[in-house]
Amino acid sequence: MKRLEDVKHHETEDLYYPTMCKVTGAKQITEMEKWYEIEMPNGQTLGHNPGQFVEVSAFGIGEAPISISSSPSKGSKFELCIRQVGTLTNVLKNYEAGDMIGIRGPFGKGFPMEKLFGKDILVVAGGIGLVPLRSLINYVLDNRKDFGRLIILYGAKTPSELLFRDELEEWKNRDDVELHVTVDQADETWEGNTGVITTLIPSLDLKLNTTIAAITGPPIMYKFVVMSLKSKQLPDDQIYLSLERRMKCGVGKCGHCQINGVYCCQDGPVFNYVDIKPLEEAL
Amino acid sequence: MECFSLLRSDVPALINHLGDFGEVIAPHGKGDVSYSFEVVKDNSEVVLDYNRTLLPLKKMFLPPVEKLMDFSLKEVTYEKVDVAITPRVFFAVHSYEMQSILRLDHSMLSGSAESNYFKRRQSSRFVGISFKPDEFHFSDSVGIAIEDMEGFDLFLNEVDGDFQLYVITDHGQTLIDGFDRKELTTPEIVDGREFKKKIRYHYNRLPRVFQYAYHSDVWADVASQCVGCGACNLTCPTCFCFDVQDEVTVTAEDGMRQRNWDSCMLSTFAEVAGGENFREKTVNRTRHRLYRKFKYITDEEGLPWCVGCGRCTAFCPAGISLPDIVNELIQEDEKAQYHRTVRV
Amino acid sequence: MKPQVAFFDFTSCEGCQLNKLNFENDLLDILKHVDLVEFREAMDDKADHYDIAFIEGSITSPSCVERIHDIRRRSDVLVALGSCAVNGGVNAMKNMHPIDEVRETVYGEDKYLFATLPAMAVSSVVKVDYEVRGCPMTQQDFLKLLIALVLGKQPPKYGSPVCVECKLKENECLYNRGMVCLGPITRGGCDAICPSFGQFCTGCRGILDDPNIDGMLEVMTSHGISLDEAKKRMQLYNSNEVQL
């Protein structure tokens, strides 16, 4: 048990104060989602891992946990992509280049990149789940020779909800990326796959001993994707999932993000499936 | 450990003396039948015989509502709130309350160590006092004796209306330096006070009971009585969950960010912006509360995260009793064990 | 441009509107944010369009229905003010009796001259965007909503019971003083003002989502009141929300 006398003054932190950062780019990319590029002050870098998140704060509104969408290889700027679903995110849609925004973090555990080197990476992204996974995808692309195959499965509700369409096009045209996109409901313009994301899994040809799966999507999706991967005989410890919870403080104090005894903001949001399998509240 | 004799009538003089070190905070009467820790202004108002305060001593280290910053919406800037380090003496504190502060130390200082908490906790001194357990106390069942002196600098042990004054730490020695002490006249050893056993198992065995209790029917029974007011968490000395909110002034030009205690028993606690609620049903929340007290942290730290103060039970409008819940789980576990044995 | 706001009253005591006039120091600050275009208590003016319409009172007659539809058509945002508008409030107690009996009691033999409907929340007739609860609504709460709308943020929704604020103020629980209080299932946001002054909560801000009604009745009756009395207390402000 940690005791008061074990702690020195300089080891304590002002945990709840954001760093003021400048928005250097902003673009509405779908009806619901807006993309932002943010610059840290004084040439600092965020220093994140793919899969980590930041607490974004707007004064008068509050804070919300937002996944980092850019690869750490991008340098002093980083990117967020925010869906307008809450009080804060609805206000953020008014933010444009030049505005100042508060950032705390990065927080939590991202994807364990050291374990991913040399492996085939299978990305499974449902809806807005592509946002944190884009960080991983771009990291793999920026360090392409360090990884094996890059297989991306991406599902959205409708074609109009597809995110990062320019990049999807680019990934589609690369011969070192295997991209499979599906929508739940097609419209007249849609010529690709139709159906939930799990329909993309059975036909995959995976090398079981070298494939690592990285899954992010709406809560309902995880169970079914894991089930499909298991039926492909992919071992449990090669599956990573990034979970969403109400990560209010980001530093393991406020309690809102707890999954049974585990703090999602500290031990996650990226978990190995083996570690969350015993947690009843996880999936 | 030094021990002196202190007459009840000399306690006001002791409180005055402690005032030389800093602010003295002690139990006071509140409302018709309740008590509260307050800063001592008139030492005749300090209550030595009390069952429990409404809010735990935690409120002095992790305030129920705490301003974190002032901000300007116009300038998009903020100013930190400086937490002053003031010497404080907490007087007439019960052993379970002290143990709850030691547990809070762990919660707030392990991992990322919070400076606000640390500053308030620094230069705090604690003077304990023995108490007569009422029908709600069960600290003894979670391994905390009435005379447990861990964490205290001084301790007042009541014997026949007067006190034995124990000097436990160097800080305690400094606190009473210059105070007119009397040699001990009463015997030093006091028999354990009458403490009715409230939880049937030794607390060491509880994590095992909880290991198998996740799907117990007991949770649904509790949920059917629970009205979801959050009183159990909000009065709990080891709960530390909070929420953060921004308040804007009427000019809409500036405001402040503040945090306030929150409760995992409230229905919105685990709800995210998109509307998904990860602990939507009362039954899941009642279970989570008890698992936080007897399983999750306990597995790692080896101690129950409940100190047996009895607040959650005494202040529950529905009369839900924490020891009763634990005993029901124990009973269920025994039945299940019996069936397991029979099957073999 | 400042948003054009208007206030309208339906069946109510008009206490909520009067409450707004008591803002005194804050009134000038409020007027920095908005233009008042219609407010019977304070001025006389009519406009074709409102950015924000504040509605006080419940809907109790066919003419009310017509009028609220008209206001809704002319308003971008519509806010229900006070318990009568939000859920029918005390007016809705009449809904527990047959409507004919109610008319007879109030109007006697002239009852056929006055068309009447069950007392309804504004939201049961037209779309309500936001609400300020309470009887009367508090100035504090109204200001919070107004500032939120000015800032473009979502006004606060109170999902926690009165007990939370009451506990944070370290009030002695009124159940410990032998009273029966509706705090555990009543929506907070009032700063627990009644219990803080020793008055038990009567539920004026409405019942929480997904309340444990049976559990609450059990709490009330186990503290010394009859089941019938417990139900009546629960329904005082909430006949439309709590069907017993």
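1. The radius of gyration is taken here over C-alpha atoms, and the globule rule is 2.2 Å times the number of residues to the power 0.38. For the 344 residues of chain B a compact globule would have a value near 20 Å, and the 22 Å of chain B agrees with that. Along the principal axes, the C-alpha atoms of chain B fill a box of roughly 70 × 65 × 40 Å.

2. This is a predicted model, in which local features need pLDDT of at least 70 and side-chain atom pairs count only at pLDDT 80 or more, while totals for chains, interfaces and linings use all residues. Residues are numbered from 1 along each chain as its sequence is written, chains are lettered from A in the order in which they are written, and side-chain values use heavy atoms, with hydrogens and water left out.

3. Chain B contains 11 helices and 13 strands, taken as DSSP runs (H or I, at least four residues; E, at least two) numbered from the N terminus. Of the contacts in chain B (heavy atoms within 4.5 Å) with a separation of 6 or more, 71% join residues 24 or more positions apart.

4. Of the 344 residues of chain B, 59% count as buried, that is, under 20% relative accessible area with a 1.4 Å probe, protein chains only.

5. Between them, chain A and chain B bury about 4500 Å², 57% of it on carbon and sulfur atoms; buried area is the accessible area (1.4 Å probe) lost when two parts are put together, summed over both. On the chain A side, M1(A), Y17(A) and F59(A) lose the most area to chain B, together 17% of what that side buries.

Methods. Buried < 20%, exposed > 50% of the residue type's maximum accessible area, 1.4 Å probe, protein only.
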